[in-house]
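Hello,

Here is the structure we talked about. Please load it before reading on.

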Amino acid sequence: MKSRESLVRLKEFQVNEKRRQLQQLQMMMSEFERMTKDLESQIVVEEKKSGISDPNHFAYPTFAKAARQRADNLQVSIKELKMQEEALEMALEEMQAEYARATALEERDSGARARA
């Protein structure tokens, strides 16, 4: 019955690993969102300094253009990370179900051994 115990430990490890990955992904998304807000506030300041808020204007500040592009890129990255987060959440649910099944089997086997 060692193999069942090993299976339970393996499933527990997999569940914990998926949780860790999910947590890292969420931290990365919140960091990207914070960076986007910082960039947007810098863009507003730069536009006020120059007096030009139209990105298509020939004298629009270069820094504001670059910051706007970076903020847009971060938004795209956040959307991609959200898709990864959804996939990870589904994988985590599957792992938790497998872990629950393995634990139930182990408990059943240990109960049968105790009665024998």
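Below are the findings, from the overall fold to one lysine.

First, a caution: this is a predicted model.

**Overall shape**

The protein has two helices and zero strands. Its radius of gyration is 25 Å, well over the 13 Å that the globule rule gives for 116 residues, so the protein is more spread out than a compact globule. Along the principal axes, the C-alpha atoms fill a box of roughly 85 × 15 × 15 Å.

**Contacts and surface**

Take the contacts in the protein with a separation of 6 or more: 77% of them join residues 24 or more positions apart. Of the 116 residues, 24% count as buried. The protein exposes about 8300 Å². Carbon and sulfur atoms supply 54% of that area.

**The annotated region**

UniProt, in an unreviewed entry, lists residues 15–108 as "coiled-coil region". In the model, that stretch is 88% helix and 0% strand. Its end C-alpha atoms are 21 Å apart.

**Lysine 11**

Lysine 11 lies in helix α1, which covers residues 2–50. Is lysine 11 buried or exposed? Its relative accessible area is 15%. The cut-off for buried is under 20%, so lysine 11 counts as buried.

Which residues does lysine 11 touch, leaving aside its neighbours within four places in sequence? They are Glu98, Tyr99 and Ala102. With glutamate 98 there is also a polar contact, side chain to side chain, at 2.7 Å.

Best regards

Key:
Residues are numbered from 1 along each chain as its sequence is written. This is a predicted model: local features need pLDDT of at least 70, side-chain atom pairs count only at pLDDT 80 or more; totals for chains, interfaces and linings use all residues. Side-chain values use heavy atoms; hydrogens and water are left out. Helices (H or I, at least four residues) and strands (E, at least two) are DSSP runs, numbered from the N terminus. Buried means under 20% relative accessible area, exposed over 50%, partly exposed in between (1.4 Å probe, protein chains only). A polar contact is a pair of N or O atoms within 3.5 Å; within protein, one must be able to donate a hydrogen and the other to accept it, and residues adjacent in sequence count only if both atoms are side-chain atoms. Contact means heavy atoms within 4.5 Å. UniProt positions are given in the numbering used here, feature names are shortened, and annotations may be inferred rather than shown by experiment. The radius of gyration is taken over C-alpha atoms; the globule rule is 2.2 Å times the number of residues to the power 0.38. Accessible areas come from the Shrake-Rupley method with a 1.4 Å probe; for residues, only the protein chains shown count as cover.
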